[in-house]
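I opened the structure and made a list of things to look up. My notes follow in the order I took them.

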Amino acid sequence: RQYLELELGRGALLVRERMDREALCELSPTCFLSLELVIEQPIEVHNVEVEVLDINDNAPRFPRQDYRLEISESALPGARFHIESAQDPDVGTNSVQSYQLSPSRHFALDLKGFHFFLRGARQPWDREQSALEQLVLTAVDGGDPPKSGTAQISVRVMDTNDNPPAFDRSTYIVSLLENAPPGTLVVKLNASDPDEGSNGDVIYSFGSYTPQKVRQLFSVDPHSGEVRVNGTLDYEEASSYEIYVQATDQGPVSMAGHCKVLVNIVDANDNVPEVVLTSLYSPVPEDAKAGTVVALMSVTDQDSGLNKQVSLRIPPGLPFTLNSFKNSYTLVTQGKLDHEKAAAYSATDSGSPPLSSQKVIHVEISDINDNPPRFEEPVYSVYVPENNPLGVLLCTIKATDPDVAENAYVSYSLLDGEIEGLPVASYVSIKSDSGNMYAVRSFDYETLREFQVVVQAQDAGIPPLSSTVTVYIYVVDENDHAPQILYPTSTNTSAALEMIPRSAYAGYLVTKIIAIDGDSGQNAWLFFQLVQTSEPGLFRIELHTGEIRTTRKLGEDSTPTFNLTVEVRDNGEPPMSSSVAITVAVVDRVSKIIPDTRRHLKSPSNYSEITLYLIIALSAVSFVFLFTIIGLTVIKCYRYSLYGDSCCAGFCGVRERCPADLYKQANNNIDARLPPGLKVQPHFIEVRGNGSLTKTYCYKACLTAGSGSDTFMFYNTCGPAGTGPSAVMTERHLTGQSGQSAQNLIVLKSDSVTPNEPKHPNPD
């Protein structure tokens with residue numbers, strides 16, 4: 001209960017609740033309330049004891065309001081009869097100070113120690129004259145004004161049992177450990193009665209004034225007089241107990257003797273120390289300096305003597321240390337703090353055996369943004385099937401930040417970059433709050449097989465911290481292309497025509513099906529199958545190569561034409577296929593076609609028209625090719641005669657030179673014809689590339705500004721000499737109509753040309 005309170009403004013200590021000294025300290029002669037006073041900035045701790053003074057607020061009370069005494073008629077004058085004394089919870093002068101007895105010719109008061117007696121007068125009792133006498137006993141305390149309490153005493157004269165039991169000592173003093181278990185013997189009392197028979201049988205019991213709490217802690221054997229422990233003793237609750245025991249005989253008129261047992265409790269180390277957290281300065285900044293006060297605490301132990309001495313410690317390995325002054329401790333920082341940690345502290349006393357207790361102090365560390373986001377994976381690899389729908393979820397990028405609050409909020413973004421000349425945002429997008437990455441377009445394995453993007457995770461701290469991770473996206477091929485038959489080809493109205501001589505032997509190669517598949521991997525594996533034939537068993541096709549061969553020699557009476565249907569199927573799931581219809585014509589000679597074996601079987605006139613068109617087309621192609629060769633030869637020879645030795649001179653029978661020498665010579669010739677101050681610097685660009693062919697081709701482009709033309713030369717394959725085709729050079733000439741336009745053309749084509757002279761026509 002909170003009896004006192006502190007007014008913080010002026011430092012006044014006020015009474016908050018009424019205090020009852022008798023309830024707080026019972027019969028203790030002094031009563032103190034102990035408390036600690038903490039003063040901050042600087043931190044000071046003071047122990048304060050408030051003494052509760054007694055006032056006369058309790059009147060004396062007798063244990064009973066009515067007492068009945070039976071006195072033997074044979075009692076001698078001066079005999080004493082015990083009456084329980086009055087009790088006053090107050091102490092000092094406020095307790096019972098005097099007793100007063102109503103006027104009587106037979107009784108007087110007799111005080112001896114803590115016992116109170118009625119002493120008989122010298123005149124003997126005469127039961128026949130006075131069998132009953134009424135007395136009033138008054139107890140008065142020393143308060144101002146004084147208070148009193150009364151009890152009625154009824155005295156009846158008897159002529160029987162006239163000797164009360166008597167103890168061998170009026171007071172027994174015993175020491176007992178507070179941890180004594182129930183059943184422990186405290187003391188064995190002894191009372192005797194000189195009477196005989198039932199008048200001399202003694203029964204032990206608690207006195208009527210023995211408190212109920214004492215009756216719960218101790219027990220008295222009625223026959224042996226043994227006092228034993230009946231409950232749990234606690235030195236901290238009471239350091240001593242007073243037990244009032246009476247011995248009563250069994251006469252017709254029972255008489256009793258009384259004694260007091262004073263039990264002193266010896267303290268045992270049975271109380272663990274208690275850590276009291278006075279002040280907690282939380283949260284503590286994560287970057288707090290060493291020596292920063294985190295908490296102020298004190299340690300109390302309800303034991304006494306050596307058992308009350310305590311020490312405080314904290315577990316090792318924590319960035320804190322303890323500083324002590326008086327009976328208080330300060331917890332201060334010692335090392336670097338991290339807001340993710342928590343600590344527990346224990347206090348240990350010096351008793352025997354030592355006892356300890358723990359006080360868990362949650363030290364809250366205020367966070368600073370000192371940790372960048374960390375991705376769960378160092379690299380992300382994503383596999384997405386081609387032809388994916390727009391907006392499909394590719395993956396979820398996850399990053400965590402060990403900081404808290406806004407310092408731990410992570411947002412995701414894509415770093416700028418290009419893929420195939422387009423920005424990254426045109427391929428994928430990422431949701432800033434969840435890290436979900438979505439496809440912006442549908443991917444095609446044949447166009448783009450793999451690409452990579454860089455994702456940045458950034459927290460919301462000030463300043464923000466970020467980290468990046470690379471996401472590799474691989475497009476997985478699907479079987480979305482049917483095989484394409486390149487040769488032979490057929491249409492919906494006509495079949496492809498192939499010819500074989502009538503003398504063809506078994507295994508003769510009729511034709512070879514050439515097909516490609518736009519897919520890759522096993523989706524591009526092709527299988528050839530002969531699904532339909534007009535002559536079963538005559539032809540067979542290789543499963544993997546597509547070669548159609550005869551299985552036997554043709555007979556003289558074989559039909560002039562055979563109709564075949566070939567299916568090309570890939571290895572995808574599900575598989576896709578294409579087919580081609582082939583008409584195989586049997587001829588006597590390969591150059592002569594039997595009329596019935598022509599490609600178009602609709603009417604005989606179609607065959608002659610096709611032959612005519614083929615002859616005309618072949619003649620035109622041959623003429624154009626011949627004219628081109630002659631024209632190129634003339635142009636190259638003319639250039640050689642104009643510029644000197646060059647790479648193109650090989651066409652005119654002159655020794656061929658390297659491209660560098662060619663342009664060096666050409667530039668020298670051009671420099672001689674350029675206006676003064678106009679210089680030409682050649683530019684050489686080498687381009688290497690890998691195509692879909694089986695060999696790698698190297699291309700070198702040589703450009704000069706002074707030649708008046710752009711020249712692109714395509715060389716043979718990058719292999720050993722003689723392994724590839726001879727070099728073929730193709731040139732594109734750009735020539736102005738006048739010297740003015742030619743000069744302008746030179747300036748536009750080369751940034752190393754600087755005209756220093758006025759523009760003038762130049763026929764060259």
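**Entry 1: a bridge and its sheet**

I started with Ser413 and asked which residue is its bridge partner in E39. The partner is Gln456. I am working on a predicted model, and I keep that in mind for every entry.

Next I looked at the strands around this pair. E34 and strand E39, residues 450-459, pair in the antiparallel sense. I found five bridges between E34 and E39.

Then I traced the sheet. Four strands make up an open sheet, and the order is E31-E40-E39-E34. The pairing in this sheet is mixed. Strand E31 (379-385) and strand E34 (410-414) stand at the edges. Each has a single partner strand, so one side of each is left without a neighbour in the sheet. From one strand to the next, the twist averages 30°.

**Entry 2: a three-stranded sheet**

I turned to another open sheet, with three strands in the order E32-E38-E37. Here the pairing is antiparallel. Which strands are at the edges? They are strand E32 (393-396) and strand E37 (428-430), and each pairs on one side only. The twist averages 20° from one strand to the next.

I also checked the pairing of E37 with strand E38, residues 436-439. The two run in the antiparallel sense over three bridges. Ile430 has Met437 as its bridge partner in E38.

**Entry 3: salt bridges**

How many salt bridges does the structure hold? I noted seven. I looked up three of these pairs, one by one.

The pair of Glu242 and Lys260 came up with 3.9 Å, N to O, between the side chains. Glu242 lies in strand E19 (residues 240-249) and Lys260 in strand E20 (residues 256-266), so the pair ties together parts that are 18 residues apart in sequence. Glu242 is partly exposed, at 33%.

Arg10 and Glu7 meet through their side chains in a salt bridge of 3.0 Å, N to O. Arg10 is exposed, and its relative accessible area is 59%. Glu7 is partly exposed, at 29%.

The side chains of Arg549 and Glu547 also form a salt bridge, at 3.0 Å, N to O. I checked Arg549 for accessibility and got 21%. Buried means under 20%, so Arg549 counts as partly exposed.

**Entry 4: Ser298**

I found Ser298 in strand E23, residues 293-300. Its relative accessibility is 2%, and Ser298 counts as buried. What does the side chain of Ser298 contact? It makes a polar contact with the side chain of Glu36, at 3.4 Å.

**Entry 5: a nonpolar patch**

Last, I went to the surface. Leu486, Tyr487, Ile514 and Ile516 form a nonpolar patch there. Together they have about 350 Å² of accessible area. I asked which elements give two or more residues to the nonpolar patch. They are strand E41 (484-487) and strand E44 (514-516).

I took Leu486 as a member to check, and its place is in strand E41. Leu486 has a relative accessible area of 41% and is partly exposed. Patch residues need over 30%, so Leu486 passes that cut-off.

Key: Residues numbered from 1 in each chain as written. Predicted model: local features only at pLDDT ≥ 70, side-chain atom pairs only at ≥ 80, totals over all residues. Heavy atoms only, no water. Pairing = 2+ DSSP bridges. Axes fitted to C-alpha atoms, helices over the stretch in contact; angles between N-to-C directions. Patch = residues over 30% accessible without salt bridge, like charges linked within 9 Å, V, L, I, M, F, W, Y side chains within 5 Å. Areas by Shrake-Rupley, 256 points an atom, 1.4 Å probe, with all protein chains shown as cover. Salt bridge = Lys/Arg side-chain N within 4 Å of Asp/Glu carboxyl O. Buried < 20%, exposed > 50% of the residue type's maximum accessible area, 1.4 Å probe, protein only. Polar contact = N/O pair within 3.5 Å; in protein donor to acceptor, adjacent residues only side chain to side chain.
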